[in-house]
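Biologist: Please take a close look at one part of this model for me. I will name the spot once the structure is up.

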Amino acid sequence: MTKKYITTAIPYMNGNPHIGHAMDYCLADVCARYLALLGNEVKLQAGTDEHGSKIAQKADELDVEVQDYVDEKAEIFRDFIAKLGVSYTDYVRTTNEWHERRVQDIWRKLKKHIYLAKYEGWYCTGCERFITDKEYEENEGICPDHLKPYEKLEEENYYLRLSDFKDKLKKAIETDEMLILPGFRKKEILKLLEESPDVSISRPVTQLKWGIPVPDDPSQVMYVWVDALSNYITVLGYPEEDISAWWPATAQFVGKDILRFHAIIWPAMLMGMGLPLPKTLVSHGMVLADGQKMSKSIGNVVDPNEVIDKYGIDAFRYFFLRHIDTFADSDFTWKKFEDAYNNELANDLGNLVQRLATMVSKNNVKIEELNGASEFSSEYKELMDKYEFAKAFDYVWEKVQGVNKKIDERKPWQLAKNGEKGVLEDCLKELVNDLLNANYMLMPFLPSASSKIAEVFDGEVKPPETPLFPKS
RNA sequence: CGCGGGGUAGAGCAGUCUGGUAGCUCGUUUGGCUCAUAACCAAAAGGUCGUUGGUUCAAAUCCAACCCCCGCAACCA
């Protein structure tokens, strides 16, 4: 049995779960379930990113202890992950004692690639952050949020010497030793890598208290990305435990907006520790609301909980895995969602199960000895192996629709009328076989619906009492 | 000239690498069927493939220029 390790991006705790987090989980979960069905032993990691000034700030606003704030949020996220049906095996909170300890060990291992240097730039005391030169020019030296002039500030930071790894990393990306999907993102990253300076990986404790202290220097706290990225291996027990059975990860799923951290800083850290790079980084697109980025200020945020509560988890996974492009940005609108639910899930699949089960049970046909109902076709595998989940899902759907076509061609109801019992039985068996065959390939995508369907045709066939996907 | 993605039927997209009668899904219209969640199946209508020019027997596809939309530019999945 081969071991495979799949990771999800750990969400930052300054808000509630949104559609984008759901997207990441759904993709990683499909991948994990697919690999497990192929007979691999699979680990799927999930967790929460709980350090950083923004979180501390948020807790301050709410006038609660930071730890209490993250504890509460972490609980909300954990419930959300469960609600999505994510089959995770390993869970990490970056405030776990063991995570913090291991990150400090990681820092020590990276020491020969770390140096201390001064950073000078424009700073807003209101925002408590440095701003880029470009931003400075655009705002003509005055912070638009605080109406205060930016100040020149100097501070000491630790830096990770990216230049130690650049050439090696460039080669790893170019040769797909670390495969970045989709291809256009790979190009983007290669370009970005050329221009990347050394990475600042700490902040003075005066500026950032809520974080992991730098070992042997109480005046500095680690930059959150060093802390957050490490989760992928601390959760496996690194460095105390030998993680070579699971690491390198088979695939790491990330949003396109955080790909750069995963494709540049993270590999540099891994190289610094002498660990291999992940085999694949899958960068998915953003879910837009009517062509616009979802944002609280525009007020177009769609709450995933609302969708799930109304239509169920299978419907949610169905839409986001099939109609939201795996790699590119795509739109969510309630109209699109409802159309897909009614036309495809209810009419194509739900109704198919109903009509076929009714025919089988009415005619007392025994369903046994099905062939091939627990295999993936080569076309399907090819798409899944390329992480083209939406396309693989399309392929499965063609199979589902094919069963509806075949029913109309064969007209089993006529065979029943004509009393052709033998032909009818063979025909229904073939149709059920076709359906279950497609259903098996549906399992990674719609785990709960597909197991219900398998149950319907297992042993005594009875049409489900309540439709699988009731129409709204 | 910062980097990247995109502009193809009312909507959403494939096709562009490897030039050869323009395709899929939804929607619309019509027909068929009656096992089924008024579900299913079939057919039809609907496009100057962003603009202009070039290469070619032939361009959505190759080349050049331009127009428009969208992301990214250090902590937003």
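Biologist: Does Pro215 count as buried or exposed, and at what relative accessibility?

Modeller: Pro215 counts as buried, because its relative accessibility is 5%. Buried means under 20% relative accessible area, exposed over 50%, and partly exposed in between, with a 1.4 Å probe and protein chains only. A word on the source: this is a predicted model, in which local features need pLDDT of at least 70, side-chain atom pairs count only at pLDDT 80 or more, and totals for chains, interfaces and linings use all residues. Residues are numbered from 1 along each chain as its sequence is written, chains are lettered from A and ligands numbered from 1 in the order in which they are written, and side-chain values use heavy atoms, leaving out hydrogens and water.

Back to the proline. Pro215 sits in the loop between strand E9 (202–204) and strand E10 (220–222). Helices (H or I, at least four residues) and strands (E, at least two) are DSSP runs, numbered from the N terminus. Beyond its neighbours within four places in sequence, Pro215 is in contact with Gln104, Trp107, Arg108, Lys111 and Met222. Contact means heavy atoms within 4.5 Å. Asp105 is 110 residues away along the chain, yet its C-alpha atom is 8.4 Å from that of Pro215.

Another loop residue is Glu388, between helix H14 (378–385) and helix H15 (389–410). Glu388 counts as buried, because its relative accessibility is 18%. Leaving out residues up to four places away in sequence, Glu388 touches Thr326, Phe327 and Leu383.

Now a buried strand. Five of the five residues of E11 (residues 251–255) are buried, so the strand is largely enclosed by the rest of the structure. Ala251, Phe253 and Gly255 point one way, while Gln252 and Val254 point the other. In a regular strand the side chains alternate between the two faces of the sheet.

E11 has parallel pairings with E1 (residues 3–7), through two bridges, and with E12 (residues 280–284), through four. Strands pair if DSSP finds at least two bridges between them. Ile6 has Ala251 as its bridge partner in E11, and Val254 stands opposite Ser283 in E12. From E11 the chain crosses through helix H10 (residues 259–273) to E12, a right-handed β-α-β crossover. Right-handed means that, with the strands pointing away from the viewer, the path from the first strand over the helix to the second runs clockwise.
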